[in-house]
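Hello,

Here is the structure I promised to pass on to you. Please have a look, and then read on for my notes.

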Amino acid sequence: MRKLAVVLVAFATLTACSSGSQPAPAPRSSSPAPKPTPTHDPNATAASLDPCKILPADAVSKALFLDNLTAVAGPSQDNAANGGKSRSCEYKLGDKAAGALAVTRFEGREGKPAEMVASIKKGKAGARDVAGFADGAVYYVDEQKTATLASAKVVSGTPVLINYTGPAKMTPEQMAPLVKTALAAS
């Protein structure tokens, strides 16, 4: 099952910006930047995103109605082709996988979250929009029979893609609170 989770995270990372086009420059926002906590360097916020911290196991347990889920750091991967640096967290019930959260940073690149989501939708057959996300979200089930819900945001000037991948039976309604929790905490 661990191999499946590693493949899912790698697949999601590789397809995140696989359309071949560079994301457009992010618009400048007139709203104030969120205040960092005293222990964080505001310039390192995007690089320090820990998937297991932004989506704790208890949040996944609550959303999936499963008790005693654990969160285990998954593999980290860098993709030289698109500049993505991915970290993941795997959620397990005993030794059975309940899903994985991947956080992929595109350091040194500019991009609009809505364009990142549109790129994924364009590249995935059967992908559909999910309502309720400021910059959009997309849900799809791939050929490995895994479901993914992905959204994006800009954190400290760095485009960040957040996606939750789980069994094909997971619906967008089950995954949306998980991705929203991770987006809010990043």
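Below is what I found, starting with confidence and then moving through a few local features.

Please keep in mind that this is a predicted model. The protein chain has a mean pLDDT of 78, with 74% of its residues at 70 or more. The stretch to treat with care is residues 1–44, where the pLDDT is below 50; in the model this stretch has 63 contacts beyond near neighbours in sequence.

The count of disulfides comes to one. It joins C52 to C89, with an S to S distance of 2.0 Å. The two cysteines are 37 residues apart and link distant parts of the chain: C52 belongs to helix α2 (residues 51–54), while C89 sits in strand β3 (residues 84–93). The torsion about the S-S bond of C52 and C89 is about 100 degrees, so the disulfide is right-handed. Buried means under 20% relative accessible area; C52 is therefore buried at 18%, and C89 is buried at 0%.

R109 may also interest you. You will find R109 in the loop between β4 (96–105) and α4 (113–123), and R109 counts as buried because its relative accessibility is 14%. From C-alpha to C-alpha, R109 lies 7.2 Å from P159, although 50 residues separate the two in sequence.

Finally, helix α5 covers residues 172–185, 14 residues in total. From first C-alpha to last, α5 reaches 20 Å, close to the 20 Å expected at 1.5 Å a residue. Its buried residues include P172, M175, A176, L178, V179, A182 and L183.

Best wishes

Technical notes. Residues numbered from 1 in each chain as written. Predicted model: local features only at pLDDT ≥ 70, side-chain atom pairs only at ≥ 80, totals over all residues. Heavy atoms only, no water. pLDDT = per-residue confidence, 0-100. Contact = heavy atoms within 4.5 Å. Helix = DSSP H or I, 4+ residues; strand = E, 2+ residues; numbered from the N terminus. Expected span 1.5 Å × (residues − 1). Buried < 20%, exposed > 50% of the residue type's maximum accessible area, 1.4 Å probe, protein only. Disulfide = S-S within 2.5 Å.
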